[in-house]
Amino acid sequence: MTTVLTTCPFCTCGCGLHLQADHGHLIGSAPSEHHPVGQGKLCARGWHAHEAPTWGQRLTRPLLRRGGEQVEASWAEAVDEVFRGLSGVLAAGDSVGVLGSARATNEENFLAVKLVRGALQTGNVDFCLRAGLQPVVDGIAEVTGDPWPPGRLLDLERSEVILLFEGNLAETHPRAASLVAAAVKRGARLVTVGWHRTHMSRLAARHLPVDSGAGYEVITGFLAAVLSGDQEAGTGTVTPDPGSEALRASLAGLSVDDPVREAATWYASAARASIVVSEGALLPDEARNGAAALAMLAAVTGHLGRAGSALLLLPSRGNQRGALEVGVRPDALPGGLPFDDEVMIAKLRRHWSREPSLVTGLDAEAMVAGCRGLVVVAEDLPAVIQAGRAGLDVLANHRFVVVLDSFATATARAAHAVLPVAAFGETDGTTTSLDGRVQRVRACVSPPGIARPGWQVLAELISRFGLPCTYGSIGDLHREMTDLVPLFAEIGEGQLDESWGALVSRPATGPEVRLRAVDLGRRDPVEGPCAAVFDEAFDWGSDPSVVHAPTLCRDHVARRKLFPTGFVEMNKVDADRLGVKPGWAVRLTSKHGEVTVPVVVSGEVAPGMARLPFSARDRVGVVLGGRGRAGVRVERV
Amino acid sequence: MRPANDVHGRDPGASRLLAKSDLVSWIRRLMDDAEVIAPATGAGGDLMFAPVSDPEAVWLGPGNPLQPPKQYVLPQTDPIVRIERNGGGVQVSSISDERTRVIFGMRSCDARGMAYLRRMQATDLPDDAYLRRADRVTVVTLACTTPCTLGFCVCCDAGPFARDGHDVQLVDLGDRFLAEGATERGRAMVAEAPFRPATQVDVVKRDELEREAERHFGDESAHLGAAMRRISTRRVAEELWEAMSPWCFECGGCNFICPTCYCFSVKDRCQDHGWERCRTWDSCQYSAFTLEASGHNPRERRKDRIKRRFFHKVSAQYYQRDGAVGCVGCGRCVQTCLGTTDMPAVVAAIRKGVWHG
Amino acid sequence: MGDLFLPEVARIASMRDETPDTRTFALRLRDDRRHDSFSFRPGQFLELSVFGFGEAPFCFASSPTRPDSIETTVRRTGQLTNVLHTLAVGDEVGVRGPCGNGFDVEAARGKDLLFVGGGIGLPPLRGLIWNVLDERDRFGRIQILYGARTPTDLVYKDELRMWAERGDLELLVTVDRGESGWTGNVGMVPTLFDKTDLRPATTLAYVCGPPIMIKFVVQDLLMRGFAEESVISTLERMMQCGVGKCNHCAIGHCYICRDGPVFNFKQIRELVE
């Protein structure tokens, strides 16, 4: 029996876990007692981290498309064909793009960036889960001046008040939920904001229901209450400035309900108070403004950057923060640095011995739709793109699709070339947790067949495209990353190999805080008696790490079996009014389209809301027409 | 001469001594014939039961690894049947794990856990493969002379000194260990050098240490008896289980970390030329644990699953069926629970009739 | 014999479609000697392995008085059963068992017997029915009441015809909804009670079917004077090991796979979580 210490790959809380193997197979997962975040605990996913690599349908040998089939090939043949295929696309004047992934390590994502900006000389690099995250990051950065909001998960334990904007925290980020619960047990007041009743709302001192699905109104209400003169701003010391005046002016006259006012008072007058915002909690068209408003709320109350008061942004999956920070984005350099950052350009030039591409490229959705040549790293597109399963049809139009993955996903089956890579537990690397801890993941067993670590495969592809890229070990790669990824620069020599990785330093805040007016402008009114929204944005049931884990997939499989064409959740009050019982068909009609699905009666959904499963978006998404929310008319069929 | 307060009916003549200076060489001797598993500080500073490579690194200080040693008789993924498909049809065979092992430095609570698990697998329809594996494991415990931070073994009669589940118990007497063979194998183990006979003084010291240890627990933290009565007569209000349910996050940790939990599912894992059917740890706290193929789930609500867990652990009905309560008081669930629904907290709530979160 | 989790390899000897989604499989253990010494009681179940897809419990649908084949009737509901339905005669499956307690055939001797089946509930009763019919003179009156949603959903259609033609039992069949060509009873199973003469004092009633049907039938029988111990049914739960170890099927401290699946109504009533 062998054991390695690694980091849980699922929700971004980044708990430490011991992965166990016997006879060359992963057999178990156990929590790390001394891990600063995990503290001897794991959630259901963490306890089964060993399952997906062992039980999943694995890619074990390179595959190349011949006629209508995929046939096995050697690595040499496969790499050759990838080179020829993608070069052919470039030669024809068409675009090539590379998708990194929240399921990939920092090293794999970094090399995806190097492949694009170094070897292929374009700007088409992105990852599918960035789109939901970026506006929230940008909104907060507008105010704080830093690429990531300050705060640690463990701050929650010391907070007296916690404002939670969630999808369903207990399901999406169980360890964070656990820390919130621990705070509540110690007497903290929890305020949950959302359009349905969740597990955490049952622990809350106050649940602020949001109708028509917009948390933005509550956030602006908090700000207005806090700024309306008679609110003591914590022990805050915000120096007045034009931005502050504009902010006050924009909120003057906004009427605020008593419960919102009360919650705002709790937050403002607490010595330590935290804001937790889950990526899917803010609707897409409000994400940036909502995030900026939250950052301003923390700033004007003096909580921004204070120990014990966190502003926590929870990405939905795995290594989302890491992917963003190593530069998997079409519009910036590693670290989010702009294209005119001469210092970074010089470093890139030095390491890569050539000019890096400083072009703004296509984003993920545009790449999937339009790049004739596409490299997909560790991602099953139907699980993460807006179009769902329909998105796969688009791939048929591409001239050359390369997939690097461990699992035989639908995307892999649609590829021209499949390069099998090592899964979690089979490769070394690092991932970055939501609060900035860069931690090791370690290999415990060898990958099956002739699959190889993803970073090695990418390095080989980069070399094949004419940019020599040889690393004797992962340490060599880290040395390059330390120079080229700003956050990695803060990691001391050897720190990654100490048990708890490196907690990247807290960014400075203070005079750089920038306040501005809040936009209370018109949003599309929700027409129709009901508002339809998607449930939590991340569908674990379609993620290969869960769907291939026999213990974890059970709930998801059962639900999909029960409702193969999707469903809609409504409150009993609405179901009764329509005269429908659970399972009966209803038709939802919006200005974007209509769909007929069975109804599930749920006490969690607020009256007036129709909650649709993101996992069935292929089928039901038509009524939302690509928006976060739409007014619908619901009729019994 | 039998000591006056010999409550365990042991034969003082079976008490032996091991000088501490002989410990390392004795472990080395054990390593010649078996895989020796013992607590040691592993990655992350975590104390873990692991195969010993350096006997000097064996941890004999206070504290118990968070992972119980049950994984060595009941791994989280446990292959039990090999299914091979070749040209001539399917061949099935049992998979046996008969590695000879000594688990050294186990504590009394975990020894009780091992005994409990063995009983579960041996009764009614015996699981012979499990028993063959467990038979090849020898257990050498180290008695606890001070309570661990979270433990409450006295409430479960599982400590601080071992009651069952062990072959040899070592008691730290300062510069030497008193070694008690509890089974035939254990007695044989301590019969020869480097073990030598103990004296009356040693045995008296040992008994003093046991009484002191029990006294240290003081008014213990989990009154299982009262809880057992209420659970068994169904006098726990449904509202109490309901009040607990938002404080459980369904991680399953309590089941996996518990020395006496053994719920499992059976799944076939693909191999070249066939499959390995594996027993895999499962948790009665997961909603799909009782989900039927028709879609019906008799324990749909979390409160019913929590209620189920504590019925299995602490009811008189199970106590009668199994001869032991389903808790050894190791305190691990207190550490590992993502929420606050650990054994002492739930038992206290049942006793008092109120849940404080 | 052998280890607790080790299946025997069996071959599909023959198959018969009962309805569009239900098929009866007749199995023979690959080792003849093992097949000949394999014994079970009606009401017990086997753990059937579809190699590569796992194992699931299915009740014996045949009688131990007819040992040539071991039969089970399976409806397509999920992954494993769907794959099972794609197998052909001669294909190999795994059989582990017999599991569970089975019907107490001895206790039924000399008694009048009432069998009430609904839909896919007839298979476990069928084994007991044939067992009883093969030793007809050891039992009293036999009444079989059976219903399904539609005539197409009736299982064992040929045997229903055979039983109807026998003079030593009474058979009443009904459907919830008729189809063209159906001239028999229409109505739920309890409507058959008024079409026959029940004798609660001397009769043991065996009831199998969907939970909702069992509930109404049992209520009706109790109201008509059947003792709780005389109304016998089978309980279903999610099962994995089938041998009382994995804990999936436990209700209270009772294990459906060991103490059941056959229980009388008094026992069922006392089974509390």
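How many residues does the contact take from chain B and from chain C? The contact takes 38 residues from chain B and 30 residues from chain C, where two residues are in contact if their C-beta atoms, placed from the backbone, lie within 7 Å.

## Ground rules

This is a predicted model, so to speak with cut-offs attached: local features need pLDDT of at least 70, side-chain atom pairs count only at pLDDT 80 or more, and totals for chains, interfaces and linings use all residues. Residues are numbered from 1 along each chain as its sequence is written, while chains are lettered from A and ligands numbered from 1 in the order in which they are written.

The elements giving two or more residues to it are β4 (77–86), β5 (89–94), α3 (128–135), β11 (264–271), β12 (274–281), α9 (302–314) and α10 (316–322) of chain B. Those labels are DSSP runs numbered from the N terminus, with helices being H or I of at least four residues and strands being E of at least two. β11(B) gives the most, with five residues.

By class, this side of chain B has 17 nonpolar, eight polar and 13 charged residues. Here Ala, Val, Leu, Ile, Met, Phe, Trp, Tyr, Cys and Pro count as nonpolar, Asp, Glu, Lys and Arg as charged, and the others, Gly among them, as polar.

## Where A meets B

For chains A and B, the contact takes 39 residues from chain A and 38 residues from chain B. On the chain A side, two or more residues each come from β1 (2–7), β2 (16–22), β3 (25–31), α1 (51–55), α7 (174–185) and α22 (553–562). α7(A) gives the most, with seven residues. The side of chain A that touches chain B divides into 19 nonpolar, twelve polar and eight charged residues.

## Domains in B

Chain B is divided into domain 1 (12–74 + 95–217) and domain 2 (224–262 + 284–352), with bounds that come from an automatic or database domain assignment. The C-alpha centres of these two domains of chain B lie 28 Å apart. In the contact, 23 residues of domain 1 of chain B meet 19 residues of domain 2 of chain B. The domain 1 side has 15 nonpolar, four polar and four charged residues.

## Domains in A

Chain A is divided into domain 1 (63–129 + 319–421 + 451–472), domain 2 (132–314) and domain 3 (530–636). Taken over C-alpha atoms, the centres of domain 1 and domain 3 of chain A are separated by 34 Å. Their contact takes nine residues from domain 1 and eight from domain 3.

Now for some strands of chain A. β19 (residues 530–534) pairs with β24 (residues 629–636) in the antiparallel sense over four bridges; pairing calls for at least two bridges found by DSSP. A:Val533 has A:Arg629 as its bridge partner in β24(A). Four bridges also join β21 (residues 585–590) of chain A to β24(A), again antiparallel, and there A:Val586 is partnered by A:Arg636.

## A helix pair in A

Helices α2 (residues 75–91) and α18 (residues 454–464) of chain A pack at an angle of about 50 degrees, with their axes 10 Å apart. Axes are lines fitted to C-alpha atoms, for helices over the stretch in contact, and angles run from 0 to 180 degrees between N-to-C directions. α2(A) and α18(A) are therefore oblique to each other: under 35 degrees counts as roughly parallel, over 145 as roughly antiparallel, 65 to 115 as roughly perpendicular and the rest as oblique.

A:Val79, A:Val82 and A:Phe83 in α2(A) meet A:Glu460, A:Leu461 and A:Arg464 in α18(A). That contact has four nonpolar, no polar and two charged residues.
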